[in-house]
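Hi everyone, thanks for making time for this one. Let me put the structure up, and then I'll walk you through it.

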Amino acid sequence: MTDDTSDSVREQARPADPRPVAYADPAPLGLAGFAMTTILLSILNTNLLTEPGAIFPVLGLAAFYGGLAQFVAGLFEFRRGNTFGATVFGSFGAFWLTYWWLVPRAAAVDAHNGLGLFLLLWAIFTAYMAVAALRTSLPVLGVLVLLTITYILLAIGEFQGGPAPQVATQVGGWFGIATGLVAWYASAAGVINSTHRRTLLPTWPR
């Protein structure tokens, strides 16, 4: 067997180079889960919907769509090497899972100050994520700025306490609706632009 033949056999025996695995963008899923859950809860906070049982659809979304689906989106952002996306979706997915666990228990006790501090800490986190979002897109930045304001208003409402909905909580509800709508736009832009392979909904990258 000649040297050329040996080299040919070795080339054929060498395993093929692994093909890169393509992962879909998880951001539209994470944004959609965040948007829908935020809008539904915010409608309750505005006092537009007052029936006591309205909290149960919110808790369902908080557990599975705003919570679990968004947390999984964060894990896939880790896989894609996106530190910002992983931190945002992982954290807010965990927020909604915490909300699902916390609300039924907090309703039985006086926890207004504790919940106010809880929301204030989330406002601080969201504010520095908004600084990071200056390098992403205008809708994502808008979501985080509006959400920071929402958290602050809801925290004020909790610190004020009392059984009746506070004005700060109701105003925070309106800001929450605006936050969710902007997040929905960002989600729609991600999935529609990707599917059509051209920009139909602009996101104004920064």
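Predicted model: local features only at pLDDT ≥ 70, side-chain atom pairs only at ≥ 80, totals over all residues.

A quick convention before we start: when I say contact, I mean heavy atoms within 4.5 Å. With that, look at the chain as a whole: among its contacts with a separation of 6 or more, 70% are between residues 24 or more positions apart.

Residues are numbered from 1 along each chain as its sequence is written, and side-chain values use heavy atoms, with hydrogens and water left out.

So what is the chain built from? It has 7 helices and 0 strands, and along the sequence the pattern reads α-α-α-α-α-α-α. Those elements are DSSP runs, helices being H or I with at least four residues and strands being E with at least two, numbered from the N terminus. Of the 206 residues, 39% are buried. Buried here is under 20% relative accessible area, exposed is over 50%, and partly exposed is in between, using a 1.4 Å probe and protein chains only.

Now the inside. The largest nonpolar core contains 35 residues, and Phe34, Phe84, Phe92, Trp96, Tyr99, Leu144 and Tyr151 have the most contacts within it. Two or more residues of this core come from each of α2, α3, α4, α5, α6 and α7. Which helix gives the largest share of it? That is α6, with 8 residues. For the record, a nonpolar core is a set of buried Ala, Val, Leu, Ile, Met, Phe, Trp, Tyr and Cys residues joined through side-chain atoms within 4.5 Å. If you want to zoom in on one member, take Phe34: leaving out residues up to four places away in sequence, Phe34 touches Gly66, Gln70, Phe92, Trp96, Val143, Leu147, Thr179 and Ala183.

On to the rings. There are 14 aromatic pairs in the structure. Rings of Phe, Tyr and Trp (its six-membered ring) pair if their centres lie within 6.5 Å, with planes under 30 degrees apart counted as stacked, over 60 as edge-to-face and the rest as tilted. One of these pairs is Phe92 with Phe125, edge-to-face at 5.7 Å centre to centre and 65° between the planes. Phe92 sits in helix α4 and Phe125 in helix α5, so this pair ties together parts that are 33 residues apart in sequence. Phe92 is buried, at a relative accessible area of 2%.

Phe125 has another partner, Trp122: their ring centres are 5.6 Å apart with planes at 85°, so this pair is edge-to-face as well. Trp122 and Phe125 are 3 residues apart in helix α5, separated by about one helical turn. Phe125 is buried too, with a relative accessible area of 11%. Not counting residues up to four places away in sequence, Phe125 touches Thr87, Ser91 and Phe92. Both partners belong to one aromatic cluster, made up of Phe34, Phe92, Phe95, Trp96, Tyr99, Phe118, Trp122, Phe125, Tyr128 and Tyr151.

On a 1 Å grid over the protein atoms alone, a cavity is a set of points where a 1.4 Å probe fits but cannot get out; a pocket is an open set with protein on both sides within 12 Å along at least five of seven lines, and lining residues have an atom within 4 Å of a point. Grid points are joined across faces, edges and corners, and a volume is the space filled by probe spheres set on the points.

The largest pocket holds about 1200 Å³. It is lined by 41 residues, with Leu41, Asn45, Tyr99, Glu158 and Thr169 closest to its centre. By class, that lining has 24 nonpolar, 14 polar and 3 charged residues. Here Ala, Val, Leu, Ile, Met, Phe, Trp, Tyr, Cys and Pro count as nonpolar, Asp, Glu, Lys and Arg as charged, and the others, Gly among them, as polar.

The second largest pocket is about 460 Å³. Its lining has 26 residues, and Ala27, Leu31, Phe89, Ser137 and Val140 lie nearest the centre.

Beyond residues up to four places away in sequence, Glu77 touches Asp25, Pro26, Ala27, Asn82, Gly85, Ala86 and Phe89. Thanks, everyone!
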